Each structure stands twice: as C-alpha cells, then as structure tokens.
Amino acid sequence: MPKKVLAFDFGASSGRAMLGSFQNGKIEFREIHRFENNPVSLNGTLYWDFPYLFQQIKVGITQAKQEGGFDSIAIDTWGVDFGLIDRHGDLLQNPVHYRDLRTDRMMEEVFAAVPREEVYRQTGIQFMRINSLYQLMYLAKERPELLERTEKILFMPDLFSYFLTGKISAEYTMASTTQLMNPNTGDWCYEMLEKLGIPTRILPKLHDAGTIYGELSDAICEELDVPKVPVISVAAHDTASAVAAIPTKEKDFIYISCGTWSLFGTELEKPCINEKTLHYNLTNEGGINRTTRLLKSTMGLWLIQESRRQWRREGFDVSYHDLEVAALAAEPFRSFIDPNAPEFEMPGNLPNRVREFCKRTGQPVPENRGEVMRCIYESLALKHRSSLEMVEDITGRNYETIHVIGGGVKDGFLCQITANACNKKVVAGPMEATVTGNIAVQLMTLGEFENLSQVRQAVAASSNTKTYLPADCKKWDAVYERFLQYQA
C-alpha cells in the first residue's frame with residue numbers, strides 16, 4: 001500500500017491539513033481541513049492565537065484518522081516568529097506576530113553593539129525589522145524577565161511539533177530565516193548574540209530537514225485515539241518547502257514564491273555573502289540538503305489582499321477577479337510604489353496609503369480601485385525585474401525562465417506582466433508548491449523517493465503548469481528607470 005502522509009501548511013491568514021500520497025507516478029493530495037489564522041490584538045500587542053491553531057492540528061489529525069489513517073505528520077509555517085518555553089515545558093505567552101511594532105528601533109539597538117556589516121557577514125540575511133534577531137533584541141531590552149524564565153526558544157513549526165511529541169529541536173531551514181544563524185558554519189551566532197545580551201542557552205540544537213522530531217506523545221495518542229506515528233521535520237519554512245517542489249530538471253533556475261510575500265531567488269550550493277549582496281540586501285536562507293536559497297523578499301500579494309479587506313470593510317463585496325478586471329481597465333504606467341515601503345507593512349487602509357505614497361512622491365494619485373490595483377500590480381512586476389537583475393548580477397548567469405509557484409499562480413495578470421517586465425518566459429505552477437514540498441519530503445524520509453531530483457521529477461509529472469511569454473517589453477523598459485526613482 002502507498003504511504004499516506006498528513007501535511008499541515010500554515011500561512012499568514014489561513015491553514016489547512018492535506019492528506020497526500022505517491023501513486024501511479026504522481027504526488028496526489030486533497031484538503032481535509034481548513035481554518036482561519038487571524039492574529040489577535042491584546043493591550044497593543046499583536047499575537048498569533050497558538051492554542052486555537054494547535055487545536056486545529058488536532059482536528060486535522062482526527063479528520064485524517066476518519067479518512068483511513070496516515071503514516072506520518074509534518075508541519076510547515078511562515079518564518080521568524082517563535083514561542084518561549086519555560087523550565088516546566090509550558091508556553092510563556094502566545095507567539096507575537098511579526099507585524100507587531102515592538103521591533104521598531106531595534107535594528108538601531110543591534111547596530112549600536114554589532115555593526116550592520118558584521119551582522120550581515122555572520123548571517124547573510126536581508127535586513128528586515130520583522131527578523132527574529134530584532135524580536136529577541138526587544139525582549140533583551142524591554143522584557144528581560146521573559147528571557148530569564150525561558151528554557152528554550154522554539155520557532156513556529158518546531159513549537160507545534162514540540163507539543164505533538166515533547167521533543168525540543170530546531171529545523172535548519174526555519175532557523176536560517178531568523179538572522180540568528182551563520183549559514184557558513186551551520187550553527188547559531190553565539191558570540192554575536194552574547195554581545196547583544198541575548199542568552200544563547202535558550203537556543204535549541206539544530207537538525208536537518210528530512211529527519212524525525214519524534215513520535216506522537218502518549219497524551220496526544222490517547223486524546224485523539226491514534227497510533228504513534230512519526231512527526232517528520234520537512235523543510236519547515238514554507239518557502240523552503242515550496243522551492244523543494246519546483247518542477248525543473250535544471251540545476252540553475254530562478255523562481256518567485258508568490259504569496260503574501262513575493263520571494264525572488266535561486267538555489268545555490270553554498271551561501272553567497274559579500275559586499276555586493278550586502279548592498280542589494282539579499283538573503284541567504286537554507287534549503288533541503290543545506291543548499292542556499294539566495295533571494296530577495298518583497299511584500300507581495302499582501303498588498304492586494306489588504307486592499308481587498310479595506311474595500312470589504314467599506315461595504316464593497318469585491319472579489320480578486322473583480323480587482324484584476326478593474327486593474328486591466330485602468331490606464332497603465334501612471335504611478336508606482338515601493339512595495340517594501342514601511343507604511344505598507346501593517347494592516348489598515350492600504351489603498352489610502354498607496355495614494356499618499358504617490359502624492360508624496362509627486363506622481364498622479366490613483367483615484368479609483370482600478371487605478372490603485374494597476375499601481376500595485378505594475379509595481380510588483382517591476383520589483384520582480386529589480387530582484388532579477390540583482391540575482392543575475394550576483395550569480396553571473398542569464399536565466400531564461402522564471403518559475404512562479406504558490407498562490408500567485410492563480411493571478412494570470414501578474415504572471416503575464418512579470419514576463420513582460422522581466423523579458424523572460426514565466427512558467428507558473430504548481431500553485432500548491434508548499435504543500436507539495438511538505439508531502440514530498442515526508443515521502444522521501446519514509447523511503448518513497450531517494451533524493452530531491454526524484455522529488456522534482458515527480459512534481460513535474462504531477463503538476464499542470466502554464467507558460468506566459470513576454471510581450472510589450474519595450475514599454476516596460478521605458479518606465480523601469482522611472483519606477484526605480486521611487487525605490488528605497
């Protein structure tokens with residue numbers, strides 16, 4: 001009988017449980033449980049609702065049992081956030097959301113003790129205020145009593161897995177997102193963290209993707225009436241799981257993992273940390289087999305998602321299709337934003353912030369939904385071109401194809417204008433790359449695949465992809481320099 005595996009995939013706004021297997025040469029899966037992932041604001045702090053999310057894992061396990069059982073479980077999530085475990089094994093507080101403003105000014109606090117260049121030399125990670133380093137710096141400065149009570153810090157997939165198995169450990173690809181780890185040594189930056197007053201005793205031992213945390217605990221098995229199956233540590237960072245599922249035979253390729261964030265990068269055998277990558281603010285995150293994902297992080301579909309939420313709050317029941325149609329009808333190339341501008345990070349009236357950005361930079365101000373959406377769409381496509389130029393400059397390679405994976409696969413307009421702006425063929429798919437990667441690495445750990453190459457061949461055989469050829473490239477060339485004027 002083919003192995004059946006249970007994959008939990010947590011995004012920034014929802015999560016789901018997927019039951020998967022490898023049959024007839026294809027990776028097959030289906031959704032058995034979906035749930036919302038809504039942050040909660042308490043006393044001015046934005047938290048993840050961890051008890052609710054863990055309860056949804058239990059619901060997913062129960063549903064999988066009713067669907068005929070499973071041979072293993074694995075969890076992937078977003079990066080950088082964490083929970084603090086005390087000496088009794090309890091969670092000290094709900095994990096704080098990366099969009100919370102507690103990290104304001106923490107980068108400056110870090111650089112006062114360790115120069116910016118030194119932080120990058122040791123970690124190779126893109127500077128973003130959401131990084132775990134600045135979250136921990138806040139705790140060291142403002143909440144030292146929490147760190148004193150902390151026995152271990154566990155990042156989100158490790159935290160979920162700990163409460164399933166009782167085992168404490170940190171998965172490599174997730175740890176690599178934190179700006180706490182040195183990708184050249186493959187271990188934590190102990191000396192740097194001690195200079196910052198962050199206690200290194202709280203850091204758990206690292207392990208590789210494709211290993212096993214442990215089996216479901218006796219308590220979980222008794223509560224849910226399920227057997228002791230292994231909880232596998234896949235590439236627990238969602239982008240690392242997605243990149244594992246890129247359907248390519250090429251050794252050198254580029255991709256956009258397009259979801260709430262737009263992550264543009266390539267896969268390298270070793271980290272690339274030098275003055276040029278520092279200048280470009282590129283990140284070196286871990287992949288399967290300790291490869292490196294050299295990439296640029298940009299706020300992606302979040303800009304569209306949050307705009308839609310605002311319009312719905314105002315009473316307009318607009319779908320994503322409605323917004324795409326409105327963008328198509330609007331005049332092109334009127335105004336641009338910097339998708340990574342700080343004012344776009346937080347929830348709220350994002351369309352108004354787009355207008356304010358354009359007004360402040362002396363551009364025509366988008367007046368209606370279509371103009372706002374056109375501005376966002378074109379800015380994302382041109383940001384992809386900027387990221388492409390950075391990656392090609394660093395690697396010295398000229399890539400022919402951009403692989404788009406993730407939720408952005410559904411957005412044909414964005415895929416097409418990305419091809420136009422970059423003058424590259426875009427191959428879109430699979431949409432469910434993260435879940436596919438999660439399932440595939442579980443199956444590889446259970447012996448269904450021998451290596452990552454076999455995984456990607458199976459993904460290619462299992463996926464329906466769509467190709468977008470570049471068009472109107474001269475028009476995009478003509479506006480690119482104007483777009484760059486508004487980028488930080």
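Mentor: Strand S16 (residues 261-268) and S18 pair in the antiparallel sense over eight bridges; two strands pair if DSSP finds at least two bridges between them. This is a predicted model, in which local features need pLDDT of at least 70, side-chain atom pairs count only at pLDDT 80 or more, and totals for chains, interfaces and linings use all residues. Residues are numbered from 1 along each chain as its sequence is written, and side-chain values use heavy atoms, without hydrogens and water. Strands (E, at least two residues) are DSSP runs, numbered from the N terminus.

Trainee: Which residue stands opposite Met 299 in S18?

Mentor: Trp 261 does. S18 is also joined to strand S17 (residues 283-286) by four bridges, again antiparallel, and there Asn 284 has Leu 294 as its bridge partner.

Trainee: Are the residues of S18 buried or exposed?

Mentor: Buried means under 20% relative accessible area with a 1.4 Å probe, protein chains only. Eight of the eight residues of S18 (residues 292-299) are buried, so the strand is largely enclosed by the rest of the structure.

Trainee: What is the strand order of the open sheet?

Mentor: Its seven strands follow the order S17-S18-S16-S15-S19-S20-S21, with mixed pairing. S17 and strand S21 (466-468) are the edge strands, each pairing on one side only.

Definitions and conventions:
Buried means under 20% relative accessible area, exposed over 50%, partly exposed in between (1.4 Å probe, protein chains only).
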